[in-house]
Amino acid sequence: MKITNAKVIVCSPGRNFVTLKIETDDGIYGIGDATVNGRELAVASYLQDHLVPCLIGRDASQIEDIWQYFYKGAYWRRGPITMAAIAAVDVALWDIKAKAANMPLYQLLGGASRTHMLAYTHANGETIEETVDKVAAFKEEGWKAIRVQSAVPGLPVTYGVEKVGSLAQAEDKPRETLWDTPTYLRFLPKLLDHLRDRFGYDLHLLHDVHHRLTPQEAAALAKEVERHRLFWLEDAVPAENQESFRLIRQHSTTPLALGEVFNSIHDCRQLIQEQLIDYIRTTPLHAGGITHVRRIADLAGLYHIRTACHGAADMSPITMGAALHFDRWVPNFGIQEYAFHPDEAKNVFPHEWHLKDGQLYSGEKPGHGVDIDEKAAEKYPYRRAYLDVARLSDGTMWSW
Ligand code: GCO
Ligand code: MG
């Protein structure tokens, strides 16, 4: 089965997505997502200018060799742009292989380890009361796990507290937000107190710190919120320095999740081998496709660490499809993040996967079950968009 064509489709149905469509000489095609939020055109160029010319004429069934060819063959290994581009190729090729085998992708990976996936979504409120009300509404819909974020009083903008689809879509320049660690550290336990008072402990609560703390601050917070028995505390500290998680671990039993920005097994090898985290958040998009995420999951499994694929709305429904087939198979599955895509995006990417009562289902159609309607995509041209940045009140740049 030879690759005859590969095209890069950039569209913006509610937000920007980069898609790779690979076609073969026997009429089967596959699609992969290459979206890196705020840097979309860099991946589009990496694919178009550098990978696509090397893909044409290759045997589409050689997924592993093509992965190694682009990883080792680039000389410049790793990095979010490279690994997202390789991921798009990889996911499209798995889609093709599964369609050729007439099987849903999870069957090719080794078959189902479960029937459906526990999912969590986001309750984001401007006030504690609003967050509590949103949690109540999601609970009513059947969600078993909910990520809770609330605007920090005194800060004009707080991460996560935005309308669906509008998150981090400043078009001109990145929006500047203000951060203050002491205020946040005083506020978060209050939010969690309210939530536990109202809902008790029979509901999984998660929280995303979004890389704002130092290891010492994170250790103190993780220790303080032990009483709230979180499902996890996410991205407490930027993790370039993997050893820094030892300090947090030594002080607290609050479960820790990490890794949505990682793009390689080397970004989390030490975190995994020293058992410094409980959940690894790498996805089949930003971490090199199914081929690489599977290797990370296998390493994690040896150390009792479970998977939790990043599922923000800034990855296309293709990534959700690929992640759900991976989740369906992976023995050490933990949870799957789910954020609602804008309606326009659902129309551009028709998909088999679905959500019911806070649980996700992969679908049974051959391949990963997600398609692209190219005519519909044309209606939504690319718009430049940026993630926010954060500063302290004295102007110092901070991690967003
Ligand atoms: C999450 C993430 C996202 C990121 C976004 C950046 O846990 O879902 O932190 O909300 O901020 O994916 O592009
Ligand atoms: Mg996160």
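## Domain interface and ligand surroundings

Arg 78 forms a salt bridge with Asp 267, and the closest N and O atoms of the two residues are 3.1 Å apart. Because the structure is a predicted model, this distance, like the others below, is a computed value. Across the interface of domain 1 and domain 2, the rule finds two salt bridges, while the count of residue pairs in polar contact between these domains, with both residues at pLDDT 80 or more, is 15.

The side of domain 1 that touches domain 2 draws at least two residues from each of β2 (17–24), β3 (29–33), α2 (63–72) and α3 (80–100). Of these elements, α3 gives the most to that side, with 11 residues. By residue class, the side of domain 1 that touches domain 2 divides into 19 nonpolar, nine polar and eight charged residues.

As for the domains themselves, the chain is divided into domain 1, covering 3–104, and domain 2, covering 108–368. The contact takes 36 residues from domain 1 and 39 residues from domain 2, and the centres of the two domains, taken over C-alpha atoms, are separated by 26 Å.

The size of an interface is often given as the accessible area lost when the parts come together. Between domain 1 and domain 2 the buried area is about 3000 Å², and carbon and sulfur atoms give 60% of it. Arg 15, Trp 94 and Pro 104 supply 22% of the area that domain 1 buries against domain 2, which is more than any other three residues.

Turning to the ligand, there are 14 residues around ligand 1, of which Tyr 159, His 210, Glu 260, Asp 314 and Glu 337 come nearest.

| Residue | Distance from a polar side-chain atom to an oxygen atom of ligand 1 |
|---|---|
| His 210 | 2.7 Å |
| His 310 | 3.1 Å |
| Glu 337 | 2.5 Å |

Two of the residues in the table, His 210 and Glu 337, are also named among those that come nearest to ligand 1.

Over the whole structure, a search finds 19 salt bridges. One of them joins Lys 7 to Glu 374, with the closest N and O atoms 2.8 Å apart. This pair links distant parts of the chain, for Lys 7 is in strand β1 (residues 3–11) and Glu 374 is in helix α13 (residues 374–378), 367 residues apart.

Key. Residues are numbered from 1 along each chain as its sequence is written. Chains are lettered from A and ligands numbered from 1 in the order in which they are written. This is a predicted model: local features need pLDDT of at least 70, side-chain atom pairs count only at pLDDT 80 or more; totals for chains, interfaces and linings use all residues. Side-chain values use heavy atoms; hydrogens and water are left out. Domain bounds come from an automatic or database domain assignment. Contact means heavy atoms within 4.5 Å. Buried area is the accessible area (1.4 Å probe) that two parts lose on being put together, summed over both. A salt bridge is a side-chain nitrogen of Lys or Arg within 4 Å of a carboxyl oxygen of Asp or Glu. A polar contact is a pair of N or O atoms within 3.5 Å; within protein, one must be able to donate a hydrogen and the other to accept it, and residues adjacent in sequence count only if both atoms are side-chain atoms. Helices (H or I, at least four residues) and strands (E, at least two) are DSSP runs, numbered from the N terminus. Ala, Val, Leu, Ile, Met, Phe, Trp, Tyr, Cys and Pro count as nonpolar, Asp, Glu, Lys and Arg as charged, and the others, Gly among them, as polar. A residue is near a molecule or strand if one of its heavy atoms lies within 4 Å of it.
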